[in-house]
Amino acid sequence: SKLWRFELEPSEPLPGASRVRAMPGGRRKWSSGRDGWRVQWGEGGTLKVEHEGDGLTDAMLQEWGPWMDAQIERKFGSDPPPLVASTLNFSRNEIGDEGVRLVCEYLQAREISVQMVKFFKNSIGDAGAWAIGQLLAHAREPVHEVHMSHNLISEQGALSIFESIARSKRYPYHLERAGRRDSQGLTPVWLRMEYNCIRWALIEGRLEQTQIRWCAADSRDGWGPKDTSPMVCMHTLFRSQKLDGPSLGVGGGQASSSRGRAVQSPAMQPVDPPEEELDVDGGAEEVPMYMFLDASAVRRFAADKGSAKERLFTFQGLLNLCQQGHMECTPPNDVSMPQWLGPVEERDRIVMVITDTVLEELASIAEHSPNDRRQMEWLTKAPDSYLKRSHQWGILEVLETAAHTQLIKLAGWEQRAKELRISRWALRNLDFACLWDSQIDSPGKVLFVTGDDSLCTFAAEAARTVDGLQRVAVAHVHKIDRVFASDREHGGHRLYEAAQRP
């Protein structure tokens with residue numbers, strides 16, 4: 001597996017990255033030799049633009065508008081029909097505010113309507129969100145879907161999108177294609193804004209003032225109430241946002257770098273685990289593997305070297321592997337890595353996930369133990385703590401789960417959890433991991449790691465009847481360490497030994 005690297009020949013280059021498939025239609029070559037701009041034409045004036053994962057930047061997008069003009073003239077001459085882009089996909093690139101503005105202004109100037117806009121996994125901030133709001137308000141036809149997750153949008157950008165929708169009075173819109181509609185044939189715009197830097201609690205009052213009707217649902221057609229369409233439908237996990245990288249506190253903050261991607265865990269076959277990082281936006285999944293840690297696992301991962309003895313699965317052990325080049329990661333900019341390491345693919349990463357629920361439980365434990373209190377303060381506040389260093393190397397993220405106020409997947413299992421003395425925090429954390437997994441098409445992308453035998457017993461029992469829990473591998477951290485320590489066939493033992501070396 002590329003999730004874990006052990007290079008027997010350090011001078012040997014890594015296998016080349018997979019090539020981007022070109023779509024039928026017009027195209028140009030970039031200077032690198034890769035297939036460049038692409039447009040796929042359908043019937044009449046319909047078209048589709050797919051540039052997901054092409055490494056596009058704002059500067060490169062300056063060429064896109066003139067290139068599109070040439071393609072339109074080549075196909076239709078000087079009198080094109082009304083143009084409709086069924087999909088405009090610029091996801092997983094390096095696009096910022098200026099690139100989004102260029103695209104949105106071009107579409108409005110040429111009166112090209114867009115049904116689905118995808119800019120997820122870029123570096124778009126509030127100015128880019130404002131441009132999207134203008135497109136929603138002024139496009140020739142209402143926009144059906146907007147995918148903006150995994151960016152750098154704050155409350156200001158989110159508010160500008162909502163206020164543009166409210167002022168336009170175009171939503172909900174009349175839906176002519178197949179899909180759910182209310183009694184008047186109306187349906188809301190589907191808006192994806194998970195995993196940005198939005199503190200919804202700070203703007204809820206302002207949203208009420210806009211008198212915009214909105215809801216949250218698990219799917220595009222899951223909106224409510226039943227007979228009257230809202231203006232906007234967001235995903236149920238819309239409150240799952242990036243927390244402040246430097247502080248890593250429960251309060252969170254604004255993401256500090258483009259490294260804030262969805263967290264994922266490795267598909268470690270020896271542990272029998274159940275994307276696209278968590279690809280909440282669909283498409284070819286390139287999610288990492290998310291390794292959710294509960295409070296017992298965090299305490300074990302953070303154990304002092306003297307008490308930790310020899311093991312791989314500690315924060316220090318994983319950081320050692322990153323520094324040696326044996327674990328896929330995104331190192332700090334000032335760190336030089338071995339030349340034989342190629343580019344990191346998102347699907348090859350392992351990302352540890354700690355939710356604010358876990359931090360709450362750790363804080364509660366610390367109230368009764370001076371040693372735990374000191375360790376908690378160091379973990380969350382010290383500049384050299386394991387959490388901050390792991391975050392800097394791109395192998396850990398802290399998620400806010402404020403919207404997850406009640407059990408969904410594990411509803412009805414509270415009594416059994418109580419009998420096994422499983423804390424309410426641990427139960428909520430496992431439930432959230434199941435919800436996270438439900439948004440990923442590919443199986444084996446979510447691993448739940450614990451140091452509690454009772455939680456393993458509970459998960460095994462619940463998995464027999466709970467939909468979705470079968471896909472989430474729940475493993476005791478001791479078992480994972482033993483698997484790697486005893487694996488001499490696939491190199492697990494060598495990784496185990498390397499983790500002990502700084």
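User: In this predicted model, which ring does the charged end of Lys 75 sit over?

Analyst: Here we're looking for a charge placed over an aromatic ring. The model is predicted, and in it the charged end of Lys 75 lies 5.8 Å from the centre of such a ring. A charge counts as sitting over a ring only if it is within 6 Å of the ring centre. The ring in question belongs to Phe 76.

User: And how far is the charged end of Arg 180 from the centre of the ring of Trp 223?

Analyst: This is another charge-over-ring arrangement, with Arg 180 supplying the charged end and Trp 223 the ring. The distance to the ring centre is 3.7 Å.

User: Is Asn 89 buried or exposed?

Analyst: Asn 89 belongs to strand 4, which covers residues 84-89. Its relative accessibility is 2%, and buried means under 20%. So Asn 89 counts as buried.

User: Which side chain does the side chain of Asn 89 join in a polar contact?

Analyst: Leaving aside neighbours within four places in sequence, Asn 89 is in contact with Val 49, Glu 50, His 51, Glu 52 and Lys 118. The polar contact between side chains is 2.9 Å, and the partner of Asn 89 in it is Glu 50.

User: How many aromatic pairs does the structure hold?

Analyst: One of them is Trp 214 with Phe 238, an edge-to-face pair at 5.4 Å centre to centre and 85 degrees between the planes. That pair links distant parts of the chain, with Trp 214 in strand 11 and Phe 238 in the loop between strand 12 and strand 13. Trp 214 is partly exposed at 29% relative accessibility, while Phe 238 is buried at 7%. As for the whole structure, the number of aromatic pairs is 19.

User: What kind of pair do Trp 378 and Tyr 386 form?

Analyst: Both residues belong to one aromatic cluster, together with Phe 301, Phe 313, Phe 315 and Phe 484. Trp 378 is partly exposed at 31% relative accessibility, and Tyr 386 is buried at 13%. Their ring centres are 5.1 Å apart and their planes stand at 85 degrees, so the pair is edge-to-face.

User: What is the handedness of the crossing where helix 10 passes helix 11?

Analyst: The axes of helix 10 (residues 356-366) and helix 11 (residues 370-381) come within 8 Å and cross at roughly 145 degrees. Among the residues making the contact are Leu 359 and Leu 362 of helix 10, plus Arg 373 and Met 376 of helix 11. The crossing of helix 10 and helix 11 is left-handed.

Note on methods:
Residues are numbered from 1 along each chain as its sequence is written. This is a predicted model: local features need pLDDT of at least 70, side-chain atom pairs count only at pLDDT 80 or more; totals for chains, interfaces and linings use all residues. Side-chain values use heavy atoms; hydrogens and water are left out. Helices (H or I, at least four residues) and strands (E, at least two) are DSSP runs, numbered from the N terminus. Buried means under 20% relative accessible area, exposed over 50%, partly exposed in between (1.4 Å probe, protein chains only). A polar contact is a pair of N or O atoms within 3.5 Å; within protein, one must be able to donate a hydrogen and the other to accept it, and residues adjacent in sequence count only if both atoms are side-chain atoms. Contact means heavy atoms within 4.5 Å. Rings of Phe, Tyr and Trp (its six-membered ring) pair if their centres lie within 6.5 Å; planes under 30 degrees apart count as stacked, over 60 as edge-to-face and the rest as tilted. A charge sits over a ring if NZ of Lys or CZ of Arg is within 6 Å of the ring centre and within 35 degrees of the ring normal. Axes are lines fitted to C-alpha atoms, for helices over the stretch in contact, and angles run from 0 to 180 degrees between N-to-C directions. A crossing is left-handed if the near helix is turned anticlockwise from the far one by less than a right angle, and right-handed if clockwise.
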